Amino acid sequence: MSPVRRGYRFTPLHLAGWLFADMLLVLALVSMGDRGDPLAAQAAARPSPSTSSADAGPSPEPSPTPSGPRSVERKPVKVHVTATVGDTARMVSQLRAATARYEGRAAAFVLTFGQAPEPSDGQAYAREINKSLRKARPGVFTDATTRDFWNGGSAGSADLEIYFYTR
């Protein structure tokens with residue numbers, strides 16, 4: 001007679017969200033690596049000081065706008081939000097407070113990890129948080145790409161990783 005095994009049963013569904021998140025991160029890193037650094041391009045566009053000021057003509061004014069492609073900062077801004085499901089007003093107020101110092105900047109993409117016991121509930125909560133982002137700071141998040149992920153735990157909170165464009 002064989003013993004009956006009880007307990008946790010592994011299902012691939014639990015890894016599907018993490019696999020997708022890892023693949024998205026790899027694709028984002030590859031696309032960011034393909035772009036030039038606008039700060040380096042701006043530094044290269046500045047003329048170096050000459051040794052003889054009599055030989056040099058008037059120095060050109062630096063361009064007021066950066067030359068080169070726009071790039072994404074490598075380090076994300078991490079935000080934690082705690083609000084019950086459906087409490088959009090609390091979500092918006094917490095997101096406004098957490099992102100106040102980034103007003104005037106543009107977010108490239110946002111990874112949101114909704115906490116819930118089940119993957120579908122966590123992703124639905126992350127989707128709700130991402131909709132609240134656009135209400136909290138429309139100028140910052142209107143064109144941002146958002147992704148909804150699940151992170152195990154008790155329902156009612158989310159962790160965000162916000163990647164901004166370089167200045």
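The model is predicted: local features need pLDDT of at least 70, side-chain atom pairs count only at pLDDT 80 or more, and totals for chains, interfaces and linings use all residues. Residues are numbered from 1 along each chain as its sequence is written, and side-chain values use heavy atoms, with hydrogens and water left out.

The chain contains five helices and four strands. Helices (H or I, at least four residues) and strands (E, at least two) are DSSP runs, numbered from the N terminus. The order of elements from the N terminus is α-α-β-α-β-α-α-β-β. Of the 167 residues in the chain, 31% are buried. Buried means under 20% relative accessible area, exposed over 50%, and partly exposed in between (1.4 Å probe, protein chains only).

A pocket is an open set of points with protein on both sides within 12 Å along at least five of seven lines. A cavity is a set of points where a 1.4 Å probe fits but cannot get out. Lining residues have an atom within 4 Å of a point. Grid points are joined across faces, edges and corners, and a volume is the space filled by probe spheres set on the points.

The largest pocket has a volume of about 260 Å³. Its lining consists of Leu 24, Ala 28, Ser 31, Met 32, Arg 35, Val 72, Ala 108, Phe 109, Leu 111, Thr 145, Arg 147 and Tyr 165. Two or more of these residues come from each of α1 (13–33), β2 (107–115) and β3 (145–151). Helix α1 supplies the largest share, four residues. By class, the lining of the largest pocket has eight nonpolar, two polar and two charged residues. Here Ala, Val, Leu, Ile, Met, Phe, Trp, Tyr, Cys and Pro count as nonpolar, Asp, Glu, Lys and Arg as charged, and the others, Gly among them, as polar.

Leu 111 counts as buried because its relative accessibility is 8%.

Helix α1 gives the most to the lining of the second largest pocket, with three residues. This lining has four nonpolar, four polar and four charged residues.

One cavity of 30 Å³ or more is found in the whole structure. The largest cavity holds about 30 Å³ of space. His 14, Gly 17, Trp 18, Phe 149 and Trp 150 line this cavity. Elements α1 and β3 each give two or more residues to the lining, and α1 gives the most, with three. The cavity lining has three nonpolar, two polar and no charged residues.

Helix α1 also contains Leu 19. Leu 19, Phe 20 and Met 23 make a nonpolar surface patch of about 300 Å². Patches are made of residues with over 30% relative accessible area and no salt bridge; like charges are joined within 9 Å, and nonpolar side chains (Val, Leu, Ile, Met, Phe, Trp, Tyr) within 5 Å. Accessible areas come from the Shrake-Rupley method with a 1.4 Å probe; for residues, only the protein chains shown count as cover.

The structure holds three salt bridges. A salt bridge is a side-chain nitrogen of Lys or Arg within 4 Å of a carboxyl oxygen of Asp or Glu. Glu 73 pairs with Arg 105, with the closest N and O atoms 2.6 Å apart. The pair links distant parts of the chain, 32 residues apart: Glu 73 is in the loop between α2 (38–45) and β1 (77–82), and Arg 105 is in the loop between α3 (88–98) and β2. Glu 73 is partly exposed at 25% relative accessible area, whereas Arg 105 is buried at 12%.

Arg 137 and Glu 103 form a salt bridge at 2.8 Å, N to O. Arg 137 lies in the loop between α4 (119–136) and α5 (138–141), and Glu 103 in the loop between α3 and β2. Arg 137 is buried at 15% relative accessible area, and Glu 103 is partly exposed at 48%.

Arg 127 and Asp 148 form a salt bridge at 3.4 Å, N to O. The pair joins helix α4 to strand β3, 21 residues apart. Arg 127 is partly exposed at 41% relative accessible area, and Asp 148 is partly exposed at 21%.
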